[in-house]
Amino acid sequence: MRRLCFAVSVIGLVTLASQRARAQEPDTTSAAQRAGFALARLGGGQLVRIHNRRVGRRQGVVVSSSADRLTLETSFWGRIEVPASDVDSLWVRGGGHAGTGALIGAVLGGVALGAGGVAVAKANCEGSVNCGEAGSFVFGLAVGGAVGAGIGALIGSAFPKWRLRAP
């Protein structure tokens with residue numbers, strides 16, 4: 001029974017390890033093939049940036065895409081077609097930085113209004129031992145955090161985030 005358990009355990013470990021070992025194999029696909037895979041996943045109307053040696057960097061809206069060709073509508077050059085083999089890099093717009101802006105705004109606004117609440121509480125306190133500074137700080141922290149998060153999210157969403165899809 002022990003040998004059977006040992007054999008099953010070894011077979012299970014070998015099976016798990018083989019998947020991880022195969023993941024470490026070098027990538028044999030060419031840059032053009034990787035670009036073709038990325039182009040095939042694009043949807044119409046999507047805003048993209050491409051770069052190639054012949055025409056440089058172009059930004060436009062996807063009109064059509066397949067594994068071997070991309071058609072873009074650009075504002076300056078009109079409609080252009082780019083073969084997948086000519087694509088050096090492909091960038092896709094993916095939202096903005098609203099989350100990062102909200103986090104930064106919440107921290108800055110919360111600390112600023114929290115400290116302001118403590119200063120107001122001290123100014124209104126006339127020699128009393130318990131001036132309510134902690135409550136003022138917590139209230140200022142909550143209100144400042146909420147307002148700062150909203151303002152930070154608005155500012156962050158104005159800056160687009162670009163994601164590299166190929167090579």
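**Figure 1. Overview of the predicted model.** The protein contains 4 helices and 6 strands; helices (H or I, at least four residues) and strands (E, at least two) are DSSP runs, numbered from the N terminus. From the N terminus on, the order of elements is α-α-β-β-β-β-β-α-α-β. Of the 167 residues, 25% are buried, where buried means under 20% relative accessible area, exposed over 50%, and partly exposed in between (1.4 Å probe, protein chains only). The accessible surface is about 11,200 Å², and carbon and sulfur atoms account for 63% of this surface; areas come from the Shrake-Rupley method with a 1.4 Å probe, and for residues only the protein chains shown count as cover. Among contacts (heavy atoms within 4.5 Å) between residues at least 6 apart in sequence, 59% join residues at least 24 apart.

**Figure 2. Pairing of strands β2 and β3.** Strand β2 (residues 56-65) and strand β3 (residues 69-74) run antiparallel and are joined by 4 bridges; two strands pair if DSSP finds at least two bridges between them. A hairpin with 3 residues connects β2 to β3. Val61 has Glu73 in β3 as its bridge partner.

**Figure 3. Pairing of strands β3 and β4.** Strand β4 (residues 78-83) runs antiparallel to β3, with 6 bridges between the two. These strands also form a hairpin, with 3 residues between them. Opposite Glu73 stands Arg79 in β4.

Figure 4. Side chains of opposite charge can pair when their charged atoms come close. Arg79 is exposed, at 55% relative accessibility, whereas Glu73 is partly exposed, with a relative accessible area of 34%.

**Figure 5. The salt bridge between Arg69 and Glu81.** The side chains of Arg69 and Glu81 meet at 3.8 Å, N to O. Arg69 belongs to strand β3 and Glu81 to strand β4, so the pair ties together parts that are 12 residues apart in sequence. Arg69 is partly exposed, its relative accessible area being 36%. A search of the whole structure finds 2 salt bridges.

**Notes.** Residues are numbered from 1 along each chain as its sequence is written, and side-chain values use heavy atoms, with hydrogens and water left out. In this predicted model, local features need pLDDT of at least 70 and side-chain atom pairs count only at pLDDT 80 or more, while totals for chains, interfaces and linings use all residues.

Notes. Salt bridge = Lys/Arg side-chain N within 4 Å of Asp/Glu carboxyl O.
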